[in-house]
Amino acid sequence: MLLALGLAGMLSGCEPAPPPNKLEQIKQAGVLKVGTIYGRTTFYHGSTGPQGFEYELAARFARQVGVQLQLLPFYSYHALKQDLREGRIDLVAAGDAVSTDNEAVFKLGPVYQQVSHKLVFQQGQTRPRRVADLTAPLLVVKGSSTEQLVARLQQENPELQWQSTDNKDIWELLSDVAQGTLAYTVVDTNTLSVQRRQFPQLSIGFGLDEPKGIAWLLNASQDDSLRGAIIQYFGDLHQSGVFKALEDKYFGHIRQFNYVDTRAFIKAAKDQLPTYIDMFRAHAKDIDWRLLAAMSYQESHWQPDAVSYTGVQGMMMLTRDTASDLNIASRLDPQSSIEGGARYVTSLIRRIPARVGQPDRIWMALAAYNIGLGHLKDARKLTEQQGGNPDLWVDVKRRLPLLEQKQFYKTTTYGFARGRESKKYVENIRRYYDTLIYLDNNTDLLEPKNPPQT
């Protein structure tokens with residue numbers, strides 16, 4: 001009977017349907033399996049849930065395809081790539097630079113970032129300027145593009161001593177270098193920018209390469225349907241401005257590094273902040289207390305009696321009019337100042353148009369705290385006039401300095417404003433905020449103390 005049916009099918013000219021392509025298989029399964037590596041630039045569990053640049057990129061892609069994201073974090077590059085080769089995951093989004101070895105083994109998505117690699121050492125030690133200056137072996141993460149880079153470097157410099165490890169990730173190696181238990185490691189510029197906010201004593205010895213691209217990896221044996229969807233996805237991200245907003249969210253405020261300022265902030269967080277932690281926690285309410293504390297440091301360096309030449313005073317540098325509107329009796333009382341500042345910035349966040357998403361509305365509210373809501377509206381209007389998106393902080397912050405130029409501010413409603421200062425104000429707070437999150441989650445430095453009597 002089965003033979004007869006088979007012969008009938010052949011005689012009728014019907015052929016079995018071709019197997020679905022990779023993208024259709026994913027849609028039929030309803031799940032996109034993405035492998036990544038744990039890290040602050042890729043994926044981690046934050047206070048509000050899953051976070052990370054690669055996580056957000058992957059989550060948006062899964063939504064565009066119309067499936068659920070199953071993110072699979074790995075501890076080992078070797079295991080991650082092995083699962084991709086054997087088809088247990090659909091793609092790899094690990095934020096790692098593309099190496100020649102990867103190009104030979106995997107298909108690549110479009111390049112969406114550029115990084116270079118630096119040899120780092122502890123500040124205060126003799127700076128190595130070339131391979132011959134290294135006085136100890138360097139250690140890198142096994143299976144990463146960094147390992148492949150160092151292996152090629154040794155071919156040109158046989159005297160180079162190095163090892164790779166699967167027991168520690170790059171964040172741990174950087175911590176070891178910062179604390180003096182490891183002489184050297186090699187790191188990409190994205191990771192270094194993030195980690196120097198917590199370990200300013202990480203110094204750059206020399207660069208190992210020219211900028212290299214970061215791209216997602218795909219199984220080389222599968223068809224190009226998934227790769228085609230990824231190419232279209234990144235094209236849409238760039239065209240809509242979403243990609244530059246995401247990149248700014250994770251990296252835009254940390255590209256510039258100030259060693260002295262970062263060291264001073266960490267010391268103040270250890271010595272001064274614990275006195276006022278309970279106040280920030282009590283009054284932050286709808287915002288993260290660490291963001292409120294970062295604002296206060298930018299405003300007053302946590303000095304309750306701080307006074308500006310413009311007349312603003314206290315921990316949150318409130319104006320007399322703002323304090324009066326908020327019924328704040330004494331701007332020099334820490335409790336009252338923190339309460340007033342929290343209520344004021346919360347009101348500004350609510351007054352930002354509802355169509356502005358997070359975290360952009362917070363950054364815009366911080367800018368308004370510094371220069372006023374009217375000047376922020378002027379900057380957003382200039383952004384729109386110049387073809388930018390007035391609802392994206394990454395676009396608006398580029399126009400804030402224009403409020404200092406006559407050709408622009410003479411056309412605005414509220415006139416001249418110190419826009420360059422306001423841009424720096426917000427970026428500083430974002431850096432301080434990042435550092436406080438790290439200190440709060442990874443150290444016991446932020447333990448409350450009894451506040452001074454006022």
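Figure 1. Strands here are DSSP runs of E with at least two residues, helices are runs of H or I with at least four residues, and both are numbered from the N terminus. Two strands count as paired if DSSP finds at least two bridges between them. Val 141 stands opposite Thr 165 in strand 10. Strand 9 covers residues 138–141. Leu 138 and Val 140 point one way from the strand, Leu 139 and Val 141 the other way, and all are buried. Buried means under 20% relative accessible area, exposed means over 50%, and partly exposed lies in between (1.4 Å probe, protein chains only).

The model is predicted: local features need pLDDT of at least 70, side-chain atom pairs count only at pLDDT 80 or more, and totals for chains, interfaces and linings use all residues. Residues are numbered from 1 along each chain as its sequence is written, and side-chain values use heavy atoms, with hydrogens and water left out.

Figure 2. The C-alpha trace spans about 95 × 60 × 45 Å along its principal axes. Of the 454 residues, 53% are buried. Among contacts with a separation of 6 or more, 69% come from residues 24 or more positions apart. Contact means heavy atoms within 4.5 Å. The protein exposes about 21800 Å², and carbon and sulfur atoms supply 48% of that area. Accessible areas come from the Shrake-Rupley method with a 1.4 Å probe; for residues, only the protein chains shown count as cover.

Figure 3. Strand 1 (residues 31–37) pairs with strand 4 in the parallel sense over 7 bridges. Val 31 has Gln 68 of strand 4 as its bridge partner.

**Figure 4. Strand 11 is covered on both faces.** The strand spans residues 185–188. Thr 185 and Val 187 lie on one side, Val 186 and Asp 188 on the other, and all are buried. Strand 8 (residues 117–122) pairs with strand 11 in the antiparallel sense over 4 bridges. Leu 119 stands opposite Val 186.

**Figure 5. Thr 41 sits in the loop between strand 1 and strand 2 (44–46)****.** Thr 41 is buried because its relative accessible area is 11%. Leaving aside neighbours within four places in sequence, Thr 41 is in contact with Phe 53, Glu 54, Trp 171, Asn 190, Thr 191, Val 194 and Phe 251.

Figure 6. Thr 275 is in the loop between helix 11 (259–271) and helix 12. Thr 275 is buried, with a relative accessible area of 15%. Thr 275 and Lys 449 are 174 residues apart along the chain, yet their C-alpha atoms are separated by 4.6 Å. Asp 278 belongs to helix 12 (residues 277–284). Its relative accessibility is 44%, so Asp 278 counts as partly exposed. Asp 278 and Trp 289 are 11 residues apart in sequence and 9.2 Å apart in space, C-alpha to C-alpha.

**Figure 7. Two loop residues other than glycine have positive phi.** Met 317 has a phi of about 45°. Met 317 lies in the loop between helix 13 (289–300) and helix 14 (320–325). Met 317 is buried, at 11% relative accessible area. Asn 327 has a phi of about 60° and is not a glycine either. Asn 327 is placed in the loop between helix 14 and helix 15. At 70% relative accessibility, Asn 327 counts as exposed.

**Figure 8. A cis peptide bond joins Gln 358 and Pro 359****.** Omega is about 0° for this bond. Pro 359 lies in the loop between helix 15 (334–351) and helix 16 (360–371).
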